[in-house]
Amino acid sequence: MWRRAVSSLPHRRLSSAPETPTLYSFLKPFLFAGKKNPPQTTTSSTITAAPPSSLTQESVDDLESTIQSSLLHNKTDEAWKSFKSLTTNSVFPPKTLSNDLIAHLASLDDTLNLKRAFASVVYFMEKNPKLLEFETVERLLLSMERANAAAPAFALVKCMFKNRYYLPFGLWGHFIVDISKKNGSFGAFLRVFMESCAVAIDEKLDFMKPDLAACNVALDGCCRELESVSDAEKVIEKMSVLNIRPDEMSFGSLAYLYALKGLKDKIVELQNLMRGFGFSNKRLIHSNLISGYVKSRNLDLVSETILCSLKERTGEGLDFSEETYCEVVKGFLKDAGIKGLATLIVESQKLEAAANVVEKSVGFGVISACVNLGLSYKAHSIVDEMNVLGGTVGLGVYVPILKSYCKEHRTAEATQLVMEISNTGHHLDAVSYDTLIEASMTSQDFQSAFALFRDMRESIIPNLKGSYLTIMTGLMENQRPELMAAFLDEVIEDPRVEVTTHDWNSIIHAFCKAGRIEDARRTFRRMTFLEYEPNDQTYLSLINGYVAAGKYFNVLMLWNEVKRKFSTDKDKGVRFDQNLVDAFLYALVKGGYFDAVMQVVEKSQEMKVFVDKWKYKQAFMETHKKLKVSKLRKRNLRKMESLVAFKNWAGLNA
């Protein structure tokens, strides 16, 4: 059927006009310099005729030995010099030695030796091709590909054809394909491709027949680069004559071209031909039709193709690539605008099954493409327009926009969108809320984080712990204890939030660190009122805060409150550890409350807590150096006794 479909197309032989600079004479390469117009004295076929050999057999043997020895010891210049001496006198080194030399030159991957290898291969092709191994030419082409040497590579292949040196296509075709892709030299590739087809047909050499991959490159280039129906159909003709069966990619390239040119009848024929070849999946051909229609700015046919694809998939949803959706979005935004895309999505929803996977919906594809193109604000506008048109916007359509807002730290807009989603009756999952809240806290957009958490609480999400901790930690790091306290008050009665003493401690610590002692005290009272049991960390923060503010009497009151709560069990009561002992002793010594000091000392001895006396001796000397026991005896006997006891304990009386 493929042969019948193209049998009516005209057959025309490819012109052999050269597209690269002509081949240069031996040892004088110009192609590598990239010159478009070589010197007129240089031709592809004129290698200077050498006089008859004047070398004796002994000299020939010596030169060949030198080449062999030089190759073994990587003396490239010496080997090349001996090789020139032989060839200048029309002497050909043995086949193995010649191929070893060329392979060595090609393997060095530098321009000079690549030139030498190229010149040598051309020389042998023109003078004695039987000496040239296929593997050697293949190695040279590999080196040319690595060096991105397009002109010499195409020149070498054309020299092969000119001298009827028929290297199987499988050994050189993929190199030429890769080189042409790297250099954008499709025209050169197409001429070489057509020449190889002609050789395979005219000489009946099946091994010169290009493979399907090369045919698809040639066809795709004709369709996308040349945008030529006649050139594309010439490639089809060659494929038909050579019995190369097309695949979906072949049909896709033609679909693009026919859509671009508006050839509806050709598209119908192409679709019938696809069925004849047994291709049932039309995703690729539809994607290419869309690309062609977008480029020709025929957006009505773009919509028609997408809707037709949905009908044929009977509710399964589309699996167009991201690239296809991006083409659709760019095309519509250039001409039809937001409303055109919204209308397309709404019409698509009428054909999409309710159980369709969200990621395969047209809405998801379009919105994701907008986001990937950096047009998240356009995506939001499309959703708004869909609502105006009465379309149903599923939760999955919103997700790409929200992710984009998070990535761009546009947290206020993300929060507003979440509110819109909630108003439609949808709610995000816990992971999405966590991600949005974390982004808001990172951007220090605390109000958005609070709003998101409130919305999260109104949903049916069973566990709020992760987002709660994210907010509390972020506020702590940003030293916003007043917001921590307000947030804690707001959520404390929610059973899904696990508020612990640690949370209260964090707020108290932050207030104390900021020097806001009264706020810390109010938080402490609120904590105990709600029956959260303070622990050693609670008191440690308060003591440090009071000391920093010089409020030693408050430390005394704190000691009177907690001295009955100490426990050796770390899970019960207040742990009387070394940190708390040090904090109390230092504060009480500085405040001059020696009775309480000795109570702390007694408690520490009872609970076997080590105390560094030197530290408190220093604190006493700094604050109470002039305090005399005799003066205290007259005023306060008990305080005098406590002072004496402290000085005895600290070793100050000595």
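Because the model is predicted, local features are taken up only at pLDDT of at least 70 and side-chain atom pairs only at pLDDT 80 or more, while totals for chains, interfaces and linings use all residues. Residues are numbered from 1 along each chain as its sequence is written, and side-chain values use heavy atoms, with hydrogens and water left out.

The protein's secondary structure comes to 34 helices and 2 strands. Both kinds of element are DSSP runs numbered from the N terminus, with helices being H or I runs of at least four residues and strands being E runs of at least two. The protein has 654 residues, and 50% of them count as buried. Here buried means under 20% relative accessible area, exposed means over 50%, and partly exposed is in between, with a 1.4 Å probe and protein chains only. The accessible surface comes to about 31,900 Å², and carbon and sulfur atoms own 50% of it. These areas come from the Shrake-Rupley method with a 1.4 Å probe, and for residues only the protein chains shown count as cover. As for contacts (heavy atoms within 4.5 Å), take those with a separation of 6 or more: 67% of them are between residues 24 or more positions apart.

The buried ones are V362, G363, F364, G365, V366, I367, S368, A369, C370 and V371. Their cover includes α15 (299–313), α16 (322–334), α17, α19 and α20. After α18 comes G374, with a positive phi near 80°.

Next up is α19, which runs over residues 376–388. Its 13 residues should span 18 Å at 1.5 Å a residue, and the end C-alpha atoms sit 19 Å apart, which agrees. The expected span is 1.5 Å times one less than the number of residues. The buried residues in α19 are S376, A379, H380, I382, V383 and M386. They lie on the same side of α19, because they cover an arc of only 155° around the axis. That arc is taken from the directions from the helix axis to the C-beta atoms. G390 follows α19 and has a positive phi, near 85°.

On to charged pairs. Side chains of opposite charge can pair when their charged atoms come close. A salt bridge here is a side-chain nitrogen of Lys or Arg within 4 Å of a carboxyl oxygen of Asp or Glu, and by this rule the count comes to 25. One of them joins E135 and R139, at 3.3 Å from N to O. These two are 4 residues apart in helix α6 (residues 134–147), so about one helical turn separates them. E135 is partly exposed at 48% relative accessible area, and R139 is also partly exposed, at 42%.

The side chains of K295 and E227 meet in another salt bridge, with an N to O distance of 2.7 Å. This pair links distant parts of the chain, 68 residues apart: K295 is in helix α14 (residues 283–295), and E227 is in the loop between α10 (212–225) and α11 (229–241). K295 counts as partly exposed at 46%, as does E227 at 24%.

R457 and D494 form a salt bridge too, their closest N and O atoms being 2.9 Å apart. Again the pair links distant parts of the chain, 37 residues apart, with R457 in helix α23 (residues 446–458) and D494 in the loop between α25 (481–491) and α26 (501–513). R457 is partly exposed at 24% relative accessible area, whereas D494 counts as buried at 7%.

T501 is found in helix α26 and counts as buried at 16% relative accessibility. Leaving aside residues up to four places away in sequence, T501 touches M527, Y532, E533, P534, N535 and T538. A645 lies in helix α34 (residues 637–650) and is partly exposed at 29%. The C-alpha atoms of A645 and F594 are separated by 8.3 Å, although the two are 51 residues apart along the chain.
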